[in-house]
Amino acid sequence: MTAEQIHDQEPCKQVDDGITRVFQLLGKRWNGPILAVLMGRPTYFSELRRAIPGLSERMLADRLVELGAAGLVLREVDEGPPLRVCYRLTAAGAALEPALKELAGWARAHLPDTPCYNKDH
């Protein structure tokens, strides 16, 4: 029997476009933790930086711009002095809360406490 005879002629199932788009954004390192911190309340840049160990200022700034462009985060400037920048979730960003909480619960139940991956491997 040839491969063509075994293979079903129906088109191969393709991944849902929504899943692809959400993981292109939320699958990037740091985006999930940033959103998780912002779920609690609007947060200043320096507070975000301290809340997420290992995240550089440059990467935080880049991710916040990306999350803002996706319509999930708003940037607000407090004129001061001192001048401070605060970030908060938009309605679309806040709507992610149930899904992110569900994923966090799943991770606690099904993933080991110590990740089997790290940047050194």
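## Contacts, strands and helix packing

Among contacts in the protein between residues at least 6 apart in sequence, 46% join residues at least 24 apart. The model described here is predicted. Of its 121 residues, 22% count as buried. The protein exposes about 9,200 Å², and carbon and sulfur atoms supply 57% of that area.

The secondary structure comprises 7 helices and 3 strands. Along the sequence, these elements follow the pattern α-α-α-β-α-α-β-β-α-α.

| Strand pair | Sense | Bridges | A pair of bridge partners |
|---|---|---|---|
| β2 (residues 73–78) and β3 | antiparallel | 6 bridges | L74 and R88 |

In general, two packed helices are described by the angle between their axes and the distance between the axes. Helix α3 (residues 31–40) packs against helix α5 (residues 57–69) at an angle of about 75°, and their axes are 10 Å apart. Angles of 65 to 115 degrees count as roughly perpendicular, and α3 and α5 are therefore roughly perpendicular to each other.

Which residues of α3 and α5 meet? From α3 come N31, I34 and L35, and from α5 come L60, R63, L64, E66 and L67. The residues of this contact divide into 5 nonpolar, 1 polar and 2 charged.

Terms used: Residues are numbered from 1 along each chain as its sequence is written. This is a predicted model: local features need pLDDT of at least 70, side-chain atom pairs count only at pLDDT 80 or more; totals for chains, interfaces and linings use all residues. Side-chain values use heavy atoms; hydrogens and water are left out. Axes are lines fitted to C-alpha atoms, for helices over the stretch in contact, and angles run from 0 to 180 degrees between N-to-C directions. Helices (H or I, at least four residues) and strands (E, at least two) are DSSP runs, numbered from the N terminus. Angles under 35 degrees count as roughly parallel, over 145 as roughly antiparallel, 65 to 115 as roughly perpendicular and the rest as oblique. Contact means heavy atoms within 4.5 Å. Ala, Val, Leu, Ile, Met, Phe, Trp, Tyr, Cys and Pro count as nonpolar, Asp, Glu, Lys and Arg as charged, and the others, Gly among them, as polar. Two strands pair if DSSP finds at least two bridges between them. Buried means under 20% relative accessible area, exposed over 50%, partly exposed in between (1.4 Å probe, protein chains only). Accessible areas come from the Shrake-Rupley method with a 1.4 Å probe; for residues, only the protein chains shown count as cover.
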